[in-house]
Amino acid sequence: MTGPPRTGDGPADDGPGSGSGDGDWAVLELAYPVLPAVRQLLQFGDSLEVLAPPEARRVMAEAAAALTAVYAADTPSE
């Protein structure tokens, strides 16, 4: 982490989760030595959203699409 997290609580704030009524949120700033390392955040599934930079969002989207293709198949690849 590059600094302390910013937090909020549901729809009263202008942060992530605002308006959705889904409870607490936190914004963390993380630094990675290489861009593809953001893929480790996939372990958090849809509980996490990469907000910036756009290149990191692209890496996450491509990785998620690749996973979708694997698991959308009718049978496992062997």
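Modeller: In this predicted model, the largest nonpolar core is made of six residues: Val-38, Leu-41, Val-50, Ala-56, Val-59 and Met-60. Nonpolar side chains tend to be buried together in soluble globular proteins. Buried residues make up 15% of the 78 in the chain.

The setting is as follows. The chain has two strands and one helix, in the order β-β-α from the N terminus. Helix 1 covers residues 54-72, 19 residues in total. From first to last C-alpha it reaches 26 Å, close to the 27 Å expected at 1.5 Å a residue.

The buried residues of helix 1 are Ala-56, Val-59, Met-60 and Ala-63. They lie on the same side of helix 1, because the arc they cover around the axis is only 95°. An α-helix has 3.6 residues a turn, so residues three or four places apart point the same way. Pro-54, Thr-68, Ala-69 and Ala-72, on the other side of helix 1, are exposed.

Leaving aside residues up to four places away in sequence, Val-38 touches Tyr-32, Ala-56, Val-59 and Met-60. Ala-56, Val-59 and Met-60 are also among the buried residues of helix 1.

Charged pairs complete the picture; the count of salt bridges comes to three. One of them joins the side chains of Arg-57 and Glu-49 at 3.0 Å, N to O. Arg-57 is partly exposed, with a relative accessible area of 37%, while Glu-49 is exposed at 54%.

Another salt bridge, at 3.5 Å from N to O, is formed by Glu-62 and Arg-58. Both residues belong to helix 1 and are four residues apart, about one turn of the helix. Glu-62 is partly exposed at 46% relative accessible area, and Arg-58 is partly exposed at 40%.

The side chains of Arg-6 and Glu-29 also meet in a salt bridge, with 3.9 Å between N and O. Arg-6 lies in strand 1 (residues 6-9) and Glu-29 in the loop between strand 2 (24-27) and helix 1, so this pair ties together parts 23 residues apart in sequence. Arg-6 is partly exposed at 49% relative accessibility, and Glu-29 is partly exposed at 47%.

For the chain as a whole, the accessible surface comes to about 6100 Å², with 55% of that belonging to carbon and sulfur atoms. Of the contacts between residues at least 6 apart in sequence, 19% join residues at least 24 apart.

Note on methods
Residues are numbered from 1 along each chain as its sequence is written. This is a predicted model: local features need pLDDT of at least 70, side-chain atom pairs count only at pLDDT 80 or more; totals for chains, interfaces and linings use all residues. Side-chain values use heavy atoms; hydrogens and water are left out. Buried means under 20% relative accessible area, exposed over 50%, partly exposed in between (1.4 Å probe, protein chains only). Contact means heavy atoms within 4.5 Å. Accessible areas come from the Shrake-Rupley method with a 1.4 Å probe; for residues, only the protein chains shown count as cover. The expected span of a helix is 1.5 Å times one less than its number of residues. The arc is that of the directions from the helix axis to the C-beta atoms. A nonpolar core is a set of buried Ala, Val, Leu, Ile, Met, Phe, Trp, Tyr and Cys residues joined through side-chain atoms within 4.5 Å. A salt bridge is a side-chain nitrogen of Lys or Arg within 4 Å of a carboxyl oxygen of Asp or Glu.
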